[in-house]
Amino acid sequence: MAMSNKILQGDVDNAADAELRAGGNDVTKVVANKVARSLGLPKANEAFYAKFESWKERRIAAGINHVSSAPPQLAPEIDRVWDSLKQTILGVAGKLIAEKIEQHDRERGILLEEIAKGELREQELASQNKNLRSEKAATEQALADKQAELDASRHNAQRVQAQLDESRKNLDSLVSGLRGGQAAKQGGFKGSALPSDLFEQASGNTEQSAAPKPKRGRGRPRKTPANPAD
C-alpha cells in the first residue's frame with residue numbers, strides 16, 4: 001500500500017499507454033496487473049485500480065477503442081501530416097526562440113553599454129571626489145596657516161600693547177618726578193609765580209638792562225651871538 005501511494009496518476013498513464021501501443025491500440029488488451037508489474041508492483045491493489053480505471057475511461061472517451069475501425073491507409077497520412085505539422089511547429093518555435101535570443105542579446109548589449117557608462121561615470125565622480133577632497137585639504141591647510149598668522153599677529157599686538165603700557169607707566173613716573181621737582185623749586189620764590197612767569201620776568205629785566213640809555217650833554221649849550229661884529 002505504501003509503495004502504491006508513491007505511484008502518481010501520470011506514472012500509471014504512461015505505463016498503460018505503452019501497453020496500449022504494444023497491444024495495437026486495443027484498450028481491452030491492457031491489463032491492470034501487467035501495468036502494475038511494469039511499475040514495480042507485484043500486482044494491482046485498490047489504489048492502483050482507481051488510477052488505472054481513470055486512465056481507461058479517459059482513453060475510451062477519446063475514442064481509442066475505435067482506432068481499429070479506421071481505414072489502414074489513414075495512419076500513414078496522419079503520420080505525414082503529423083510530421084509536417086511537427087516541422088512547422090518546430091520551425092515556428094525555433095524562429096521565436098531565435099528572435100528571443102536576438103532580442104536578449106540586443107538588450108544585453110544595451111545593458112552592458114549602460115553598465116560601462118555607469119562605471120565610467122563612477123570613475124569620473126571618484127576622480128572629482130578625490131580632487132574635491134584634495135582642494136578641501138588645501139583650503140583647510142590655508143585656513144590653518146592664516147589662523148596661525150592671525151594668532152601670531154594677535155600675540156605680537158598684545159606684546160606691543162604690553163610694551164606701550166610699560167612705556168606709558170614709565171613716562172607717567174617720569175612726569176610725576178618732574179612735577180615733584182618743580183614743586184620743590186617753587187618753594188624758594190615769593191608769591192605764587194610759576195617757573196614760566198619767573199622766566200618771563202627774568203627775560204624782561206634782562207631786556208630792560210640791555211636797552212641803551214640816552215646820552216647826556218656836556219654842560220649848557222653854547223649860545224651863538226646874533227652879530228659877531230658886536
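**Entry 1. Pairs within helix α5**

I began with Lys146 and Glu149, which are three residues apart in helix α5 and therefore separated by about one helical turn. I then looked up how their side chains meet, and found a salt bridge of 4.0 Å, N to O. I note that the model is a predicted one, so every value in these entries is computed from that prediction.

I checked how open each partner is. Lys146 counts as exposed because its relative accessibility is 55%, and the cut-off for that word is over 50%. Glu149 counts as partly exposed, at 46% relative accessibility.

I next looked up Lys117, which forms a salt bridge with Glu113. The closest N and O atoms of this pair are 3.8 Å apart. Both residues lie in helix α5, four residues apart, which I recorded as about one turn of the helix. Lys117 is partly exposed at 47% relative accessibility, and Glu113 is partly exposed at 44%.

How many salt bridges does the structure hold? I found seven. I selected Arg58 and Asp13, whose side chains meet in a salt bridge at 2.9 Å, N to O. Arg58 lies in helix α4 and Asp13 in helix α2, so this pair ties together parts that are 45 residues apart in sequence.

Is Asp13 buried or exposed? I recorded Asp13 as buried because its relative accessible area is 12%, and buried means under 20%. Arg58, with a relative accessible area of 34%, is partly exposed.

I also listed the surroundings of Asp13. Leaving aside neighbours within four places in sequence, Asp13 is in contact with Trp55, Arg58 and Arg59. The side chain of Asp13 also makes a polar contact with the side chain of Arg58, at 2.9 Å.

**Entry 2. The largest nonpolar core**

The largest nonpolar core has 16 residues, of which Leu20, Val30, Val35, Phe48, Phe52 and Trp55 touch the most other members. The elements that give two or more residues to this core are α2 (9-22), α3 (32-38) and α4. Which element gives the largest share? I found that α2 does, with four residues.

As background, I wrote down that nonpolar side chains tend to be buried together in soluble globular proteins.

Phe48 is buried, because its relative accessible area is 2%.

Beyond residues up to four places away in sequence, Leu20 touches Asn25, Asp26, Val27, Val30, Trp55 and Ile64. Two of these names, Val30 and Trp55, were already in my list of core residues that touch the most other members.

I looked up Leu74 as one of them, and placed it in helix α5, which covers residues 74-186. Leu74 counts as partly exposed, because its relative accessibility is 37%.

**Entry 3. The whole protein**

The secondary structure comes to six helices and zero strands. Read along the sequence, the pattern is α-α-α-α-α-α.

What share of the 230 residues is buried? I recorded 10%. The accessible surface comes to about 19,400 Å², and 56% of that surface belongs to carbon and sulfur atoms.

Last, I considered contacts between residues at least 6 apart in sequence. Of these, 54% join residues at least 24 apart. The bridge of Arg58 and Asp13, whose parts are 45 residues apart in sequence, is my example of a link between separate helices.

Notes
Residues are numbered from 1 along each chain as its sequence is written. This is a predicted model: local features need pLDDT of at least 70, side-chain atom pairs count only at pLDDT 80 or more; totals for chains, interfaces and linings use all residues. Side-chain values use heavy atoms; hydrogens and water are left out. Buried means under 20% relative accessible area, exposed over 50%, partly exposed in between (1.4 Å probe, protein chains only). A nonpolar core is a set of buried Ala, Val, Leu, Ile, Met, Phe, Trp, Tyr and Cys residues joined through side-chain atoms within 4.5 Å. Contact means heavy atoms within 4.5 Å. A polar contact is a pair of N or O atoms within 3.5 Å; within protein, one must be able to donate a hydrogen and the other to accept it, and residues adjacent in sequence count only if both atoms are side-chain atoms. Accessible areas come from the Shrake-Rupley method with a 1.4 Å probe; for residues, only the protein chains shown count as cover.
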